[in-house]
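Please find below a colleague's note on the model shown here.

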Protein chains: 2
Amino acid sequence: MKKYKSSVVKVGPYLLGGNNLIRVQSMCDTDTRDVKATVKQILKLEKNRCEIIRVAVPDMEAAYAIGAIKKQINIPLVADIHFDYKLALEVIKQGVDKVRINPGNIGSEEKVKAVVDACKAKNIPIRIGINGGSLEKDLLKKYGQTPKAAVESALRHVRILEKLDFKDILISIKFSEVPPMIEAYKLLAEKVNYPLHLGVTHAGTPFIGTIKNAIGIGALVEQGIGATLRVSLTGPLTEEIRVGYAILESLGKREKRFEMISCPTCGRCEIDLIGLAEKTEKFLEKLNKPVKVAVMGCVVNGPGEGKEADIGVAGGHGKAVIFAKGKILKTVAEKDIFKTLEEEINKIVK
Amino acid sequence: MKKYKSSVVKVGPYLLGGNNLIRVQSMCDTDTRDVKATVKQILKLEKNRCEIIRVAVPDMEAAYAIGAIKKQINIPLVADIHFDYKLALEVIKQGVDKVRINPGNIGSEEKVKAVVDACKAKNIPIRIGINGGSLEKDLLKKYGQTPKAAVESALRHVRILEKLDFKDILISIKFSEVPPMIEAYKLLAEKVNYPLHLGVTHAGTPFIGTIKNAIGIGALVEQGIGATLRVSLTGPLTEEIRVGYAILESLGKREKRFEMISCPTCGRCEIDLIGLAEKTEKFLEKLNKPVKVAVMGCVVNGPGEGKEADIGVAGGHGKAVIFAKGKILKTVAEKDIFKTLEEEINKIVK
């Protein structure tokens, strides 16, 4: 498959698509009409590196709240709207940075045109959001609940906007299962060149949801598809953000704050490696510096396999060696391993 | 890329490669010489669906222990050996089901031939295990620590075995980073047709390790590569198995025991969805029946997006609807949601 080259849209300060950074977003689970609670949640997500935030706008009261929310937050705000064009017009008036609405569900051409004209005037994009679980009846009849049906559905909405000469479009095409999700985005990428918003919908609890999102989003990003992503988990929103970054960092698409490699323990390991790795990871999360650390179980493979690390530790019998770039610095007693590692890391980042 | 078609090898009762099921394995972190502890760990892993188990064999005492371990367990046993051909000969004598050893590191041709002849006589395969962190110096000089160097290293070992007319080969080619890992396996798959053992080595703690393994193993399995896998985590071994199955199940490569889809919560959700999803998931893990359940936050999208589910629940204001195959069965008060869902699931699986 040839590399997917997408057009670029602007969402607040961010350019999405093309060769721009893939941005990590989430969606509030507060009642949007409750401005205070929604702002509080968004500010917390900002601190956790959320870059774009979406809120549900199910009624006019929620639409009116957008302006007040927008004023109190620092990241681009997206309104999620179903069917009602008046809600779209209101959130645009209130200063939203992107609207998620499917033009084919708005109604008459006049209504669609009103929304499109408002977006054009404010220079904000529309995301077409397709869910494998909510496809049009005629498409389901023709293709079943398949990637093909979802892509055809997306293209219908795209054509409506293109007919009105509107090209500030993003598209998502989510399924709750990984294989159709991957297939749908790949099929879509052959038909359009708009920036794609990636996600596995209703992926589940943090355990299985993390795995499904990592495989689905990961497979597409690895193949060059994706301008922004939302990891969907039935769990804390901060975890969605954390998983999103971890996927992108694992694929070298966002800069790692730090890196830690560690062994699976094996019969050669004679120290408490799991405890040491978890302590070290927590220390590094807090330290927040670009350092590469290896936490290895044995001296046989440790310094060699960890030789790319700025600093590393390899366990032995009641003791461990501390090494840097593969060269052994010192030997320490087991009880002093973490303390010494911490000291050596602090030296490096200074 | 054309679909990878691999040859087939036999490990205990399992055929690996070709169109056979991808098998999930792990590696003991006990001292192999401690037969009792090792057997205890393996029996626990068997209960957690581990299908193949590997143990480190660093010395002759560990090699002698293989027979006693083998007698007390029910899954195929693999010996992990570095350099020493005498250890290989001993574990083969002791009845091991597969040997992981790199023939290029054994020494003289006679020694390699002795190991190969012993494997042939017992009809057991050899896994060549390449780690990006332990490559030959001349290859590092020529290619750097790259997928190309790792593939060239693997091919050297392969040629040694092929020269001795030995083809019962599996190959792994692990890196601790996802992009070179994916690239190395893909490159290797263009050069050989042996069954491939997948893994990201030293992937890290359960959080980041799960994500790295899911992306790396997932991307390859999705493209048809992989005969067996070992998820490597610095964490409990049972978690390695759980993640391994979750990856394969997410890609439709192993049968799901059960399936649960659930919403990310959003502004429309008025019940405790996270709590409900986690309770339901635990119930389903224990129930262990092939049922598909949807746990959805709102009646707007719930029954529609969950219409593939055998049974589902969609939250409302202080209450919820229970639905089956998209049709609403009944409305229940919030406090009765889980109890009713449990009852309805029990009815279905009966």
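How many bridges join strand β12 of chain A to strand β13 of chain A?

1. The two strands, β12 (residues 292-296) and β13 (residues 311-315) of chain A, run parallel and are joined by 4 bridges; strands are DSSP E runs of at least two residues, and helices are H or I runs of at least four, numbered from the N terminus. A:Val293 has A:Ile311 of β13(A) as its bridge partner.

2. This is a predicted model, in which local features need pLDDT of at least 70 and side-chain atom pairs count only at pLDDT 80 or more, while totals for chains, interfaces and linings use all residues. Residues are numbered from 1 along each chain as its sequence is written, chains are lettered from A and ligands numbered from 1 in the order in which they are written, and side-chain values use heavy atoms, without hydrogens and water.

3. In chain A, an open sheet of 5 strands has the order β11-β12-β13-β14-β15, with mixed pairing (two strands pair if DSSP finds at least two bridges between them). Its edge strands are β11 (259-262) and β15 (327-333) of chain A.

4. Helices α10 (residues 273-287) and α12 (residues 337-349) of chain A pack at about 30°, with axes 11 Å apart; axes are lines fitted to C-alpha atoms, for helices over the stretch in contact, and angles run from 0 to 180 degrees between N-to-C directions. α10(A) and α12(A) are therefore roughly parallel (angles under 35 degrees). Residues making the contact (heavy atoms within 4.5 Å) include A:Phe283 of α10(A) and A:Leu341 of α12(A).

5. α12(A) lies across β12, β13, β14 (319-324) and β15 of chain A, at about 165° to β13(A).

Key:
Angles under 35 degrees count as roughly parallel, over 145 as roughly antiparallel, 65 to 115 as roughly perpendicular and the rest as oblique.
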